[in-house]
Amino acid sequence: MKALWVDAGNGAAGDMLLAALLDAGADVEAVRSGLRGLAVGPLEVEVAPVRRHGLRALHADVRVPPDDVSRNLSDVTAILSEAALPDGVRAFALAVFERLARAEARVHGVDVSRIHFHEVGALDAIADVTGCALALHSLDLLDAPVRVVSPVAAGSGVVRAAHGPLPVPVPAVLELLTEAGAPLRSHPATMELCTPTGAALLATLATGWGPMPDCVPTAVGAGAGTADPEGHPNIVRVVVGSASSSSAGWESAELHRVDSTIDDLDPRLWPDVLEELRTAGAADAWCSPALMRKGRPGQVLSVLVEPARLDAVCRVVFERTTSLGVRVSSVERRSLRRDRVEVDVGGAVVGVKRGLLGGRVVTAQPEYDEARAAALASGRPVHEVLNEARALASEG
Ligand SMILES: O=C([S-])c1cc(C(=O)S)c[n+]([C@@H]2O[C@H](COP(=O)(O)O)[C@@H](O)[C@H]2O)c1
Ligand code: NI
């Protein structure tokens, strides 16, 4: 199960979060090509390593064409709806702007439909939000069940905005973080640490707030803001990890599922296809009957595979079957911890596979061939040997 932790203890802005996700391994080319799908002129992202208070971090510079358009929610919704983006990316970006619009509406005391984003609806904000959604998608985090954000530092002082000088935390940030139930952290810096776009991104992605969740970290990213103040590193950090074994007693793993419907493969080849898929690293591979186009009987080939073996499995499907395409989805596999014990049934050794839930034996299955051999040697019925082996293995 994938997990994300965002350290917003020094604040967060859209470009800082984007840089942190890219630093943690999000595919910058996927982000760039996704942004090209927005019909608002060339949006470019340049990334460069920088130092903030002696710490290395990535800085993301979002370059947009000159723009002084004041957009409302329906303008931004139209831009995102018409863009060639994965559905999850579009939904996330829309959710961020809907949040921003609700917060702005409450702050200015007008209806959401009458809200005009000023700075936060500008092209760089649209690029930051969509870029973050694309980066989360690239890291496979858009559906991750564990996305925790630390207490947020919003800053203090005054900032100059379209409405004139605003007190920091700016009203939209306070509104966004209050609505989301975010814990705030006091901070000595007298500057804007968390921007409305940053707050809306945090509020949309957070499934919870607090310290780093139990996980095995797999990547860390640091995203720098443009300012380099004297008093603190102007950085947001992200930790990507896999959440460790569930306290419920089972184990959890992120796998891919590959499916393909096939109606024209010589049926004698299927056993070899399934065998080759297992050899290529499939955790499981099976076929289910399906009635296909023109009433033809066919098979749905399904494969479960770890991300690292996905390409090898796809290659086998394409090379060994008549499939012209596969569907790949992410699944969480929950499984019991297993072991194998050997029991003595009337002088013969029989292996038994056991499933353990939090250390308790909940299933015990004797190896059939070994139980059959023990039954033949002793002249007892196989089902009796199976039952005795199962009972002996469940005791231990
Ligand atoms: O654009 C608007 S309406 C706006 C509202 C507010 C309020 O808090 S209300 C604040 N700001 C300031 O604009 C800049 C840009 O914000 P980004 O989120 O796009 O980085 C920032 O200083 C905000 O405090 C704008
Ligand atoms: Ni405003």
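A hairpin of 2 residues connects β8 to β9 in this predicted model. Helices (H or I, at least four residues) and strands (E, at least two) are DSSP runs, numbered from the N terminus. β8 and β9 (residues 164–168) pair in the antiparallel sense over 5 bridges; two strands pair if DSSP finds at least two bridges between them. V159 has L166 in β9 as its bridge partner.

Numbering of residues starts from 1 along each chain as its sequence is written, while chains are lettered from A and ligands numbered from 1 in the order in which they are written. The model is predicted, so that local features need pLDDT of at least 70 and side-chain atom pairs count only at pLDDT 80 or more, whereas totals for chains, interfaces and linings use all residues.

β8 (157–161) also contributes to the shell around ligand 1, supplying at least two residues. The ligand is surrounded by 19 residues, of which H118, V170, A172, T195 and T197 are the closest. A residue is near a molecule if its C-beta atom, placed from the backbone, lies within 6 Å of it. The shell comprises 13 nonpolar, 3 polar and 3 charged residues. Here Ala, Val, Leu, Ile, Met, Phe, Trp, Tyr, Cys and Pro count as nonpolar, Asp, Glu, Lys and Arg as charged, and the others, Gly among them, as polar.

The protein chain contains 11 helices and 20 strands. Of its 396 residues, 38% are buried. A residue is buried if 20 or more other C-beta atoms lie within 10 Å of its own, exposed if 12 or fewer, and partly exposed in between, with C-beta atoms placed from the backbone. S74, in helix α3 (residues 73–82), is exposed because 12 other C-beta atoms lie within 10 Å. Its C-alpha atom is separated by 9.9 Å from that of F97, 23 residues apart along the chain.

The largest nonpolar core has 83 residues. A nonpolar core is a set of buried Ala, Val, Leu, Ile, Met, Phe, Trp, Tyr and Cys residues joined through C-beta atoms within 7 Å. L21, L22, A135, L136, V152 and L202 touch the most other members. Helix α5 (residues 123–138) gives the most to this core, with 10 residues. Neighbours within four places in sequence aside, L136 is in contact (C-beta atoms, placed from the backbone, within 7 Å) with L21, F92, L141, L142 and L205.

An open sheet of 7 strands runs in the order β2-β3-β12-β13-β1-β6-β11, with mixed pairing. β2 (44–52) and β11 (208–209) each have a single partner strand, so one side of each is left without a neighbour in the sheet. β1 (residues 2–7) and β6 (residues 146–149) pair in the parallel sense over 4 bridges. V6 stands opposite V149 in β6.

A second open sheet has 3 strands in the order β18-β19-β20, with antiparallel pairing. β18 (337–345) and β20 (360–366) are its edge strands. β18 and β19 (residues 348–357) pair over 9 bridges, and R340 has K353 in β19 as its bridge partner. Helix α10 (residues 368–378) lies across β18, β19 and β20, at about 145° to β19. Axes are lines fitted to C-alpha atoms, for helices over the stretch in contact, and angles run from 0 to 180 degrees between N-to-C directions.

Technical notes
Two residues are in contact if their C-beta atoms, placed from the backbone, lie within 7 Å.
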